[in-house]
Each structure stands twice: as structure tokens, then as C-alpha cells.
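Take a first look at the fold below. We will walk from its strands to its helices, and then to its cores.

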Amino acid sequence: MSLLVFEHHPDETPAVLGSILQSYGHRLRVVELDEGDAVPVDLDDVDGIVSMGGPMNVDEVGRHPWLEPEIAYLNTAHQAGVPIVGVCLGAQLVAKALGGDVAPMKEPEVGWQNVRLAFGGTIDPIYTGIGWDTMQFHTHSRQVTQLPPDATPLAGSKMCRCQAFRVTLTTYAFQYHFEWDIQALMRVATDGLVKEAGTSTDRIIADCRTYYDDYRRLGDRLCHTIATVLFPIVKT
């Protein structure tokens, strides 16, 4: 399958998710919007879409003019039944594209926090083999405050009620980062949001030692499920 990957910042790549998708034979076509690449004009040779994270907000179209065409493209793709995965900013863009709302949080959610599956998540095949409570990594100051029509909530955290949702069986959005390797986590440990969130680089690094192994094991499992369930390769 040919998967379109929207990137919005050099540090926000598909990381482990991208590697696992490629291991199944998926071809990744990366569009670096922050580097001046244009949103495609059609869905030709697009079998699926992955929209990654970034430090910008969905309403900052003046500073980032590619936001509006990406939002419109995600809407068009969803209506056409093209499978979509949104992560962090990508999840918020999916929500906006499909009629939901995104707003600032009272304080940023940065670092390791427990994510608990909602009822929809406990029965969704995307979470097969993943416990109802898992420690996940977060770095965001905005959240989805209103789900799109017909969306199913899948997971939430203490600070952010909407950590994951799906719309129909083809579009999934994850506010937390399940795709990062240890190098990506170390880069975020020095991000400007860390201090704003009332935590510290030392705290994040210490927590990485505690949680990373289980996080990566379960994250790999989710990536494999996405690769096989959401983006199945049908051989004829």
C-alpha cells in the first residue's frame, strides 16, 4: 500500500510506526509541510494517511498556511473511506476536519501519564492485546473538547478526557505518542513545554527508565495492529 505521511516538524516523524509499516511492505510517501511541500490535490495512489504531531495549533493558519488544506484533505479522504491515523497534532487535525472542536488545556500535559481505555477502546480491535491502563507519553497544550459527530471515544487521561477516538472503522486519532523511540523522548525532555507543564527534564528522564520498556513493547503491538488491521495489504 502507498501511505501518505504528513509531517509538521523535523522531530515529529513516524518513528517506530513508520518502520513497522515499512516492514509490512507499505510504501511511505512523506510530505514535509513545514519544509514547503504541498498538500496533494487528489487521492491518486493514496491507500492510507498518517498525520503526525507538531508544536503548532490547528487554528494557527496565519503562521502555517498549510493547515487549512491539510484539514480539507483529511475530510475528503475520510469521506472517500481512505484509512487515516492522526497522532497528537494529527489527532486534533482529524477532529477539526470531521466537525469536532479543539481548545487550550488549563495546563499542558507533558511527560508520562496513565491512559485508560473507555468502553469503546476495550472492545476495539485496534487495542487487541493492550491493557485498559497503560503509561503513555504526552506533550500537548491543546485537546479535543468536542468529538466529531458519530465518533467513538476510545481512551482518556486524568488531564485530557479525549486521548483517542475513531470515526467509523477507518479513521483513528491518538492524542498521546505511542510511536516514539527513546531518542525522540530524550529530545522532548528538553522542550519548552516541559517547564510550562510544571515538570522537569530530570523527572522525564527518570520516568523513561521506569516506563519505557513496557511503553515500547505495547506501542509496537499497536503499530503492528495498525499495519495489519487498518492498512491491510490484500494480495491477489
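This is a predicted model: local features need pLDDT of at least 70, side-chain atom pairs count only at pLDDT 80 or more; totals for chains, interfaces and linings use all residues.

Start with a pair of strands. β5 (residues 101-117) and β7 (residues 151-157) pair in the antiparallel sense, over three bridges. Two strands count as paired if DSSP finds at least two bridges between them. Helices (H or I, at least four residues) and strands (E, at least two) are DSSP runs, numbered from the N terminus.

Residues are numbered from 1 along each chain as its sequence is written, and side-chain values use heavy atoms, with hydrogens and water left out.

Now widen the view. The open sheet has nine strands, in the order β2-β1-β3-β4-β9-β8-β7-β5-β6, and its pairing is mixed. At the edges stand β2 (27-32) and β6 (133-146); each has a single partner strand, so one side of each is left without a neighbour in the sheet. On average, neighbouring strands are turned by 20° against each other, direction ignored. Angles run from 0 to 180 degrees between N-to-C directions, and axes are lines fitted to C-alpha atoms, for helices over the stretch in contact.

Next, follow β3. β1 and β3 are parallel and share four bridges. L3 has G48 of β3 as its bridge partner. β3 also runs parallel to β4, joined by three bridges. There V50 stands opposite V85 of β4. From β3 the chain crosses through α2 to β4, and this β-α-β crossover is right-handed. That term applies if, with the strands pointing away from the viewer, the path from the first strand over the helix to the second runs clockwise. G48 and V50 point one way from β3, I49 and S51 the other way, and all are buried. Buried means under 20% relative accessible area, exposed over 50%, and partly exposed in between (1.4 Å probe, protein chains only).

What surrounds L3? L3 sits in strand β1. L3 is buried, with a relative accessible area of 0%. Beyond neighbours within four places in sequence, L3 is in contact (heavy atoms within 4.5 Å) with L21, H26, R27, L28, R29, D47, G48 and F231. Q146 lies 143 residues from L3 in sequence and 28 Å from L3 in space, C-alpha to C-alpha.

Helix α1 (residues 15-23) comes next. Its buried residues are A15, V16, L17, G18, I20 and L21. They pack against β1, β2, β3 and α7. Just after α1, G25 takes a positive phi of about 100°.

Finally, the cores. A nonpolar core is a set of buried Ala, Val, Leu, Ile, Met, Phe, Trp, Tyr and Cys residues joined through side-chain atoms within 4.5 Å. The largest has 31 residues, of which F6, I49 and F165 touch the most other members. β1 (2-7), α2 (67-79), α3 (89-97) and β8 (164-167) each supply at least two of its residues. The largest share, six residues, comes from α3. Another core, of 30 residues, lies apart from this one; among its members are V5, V85, V87 and C223.
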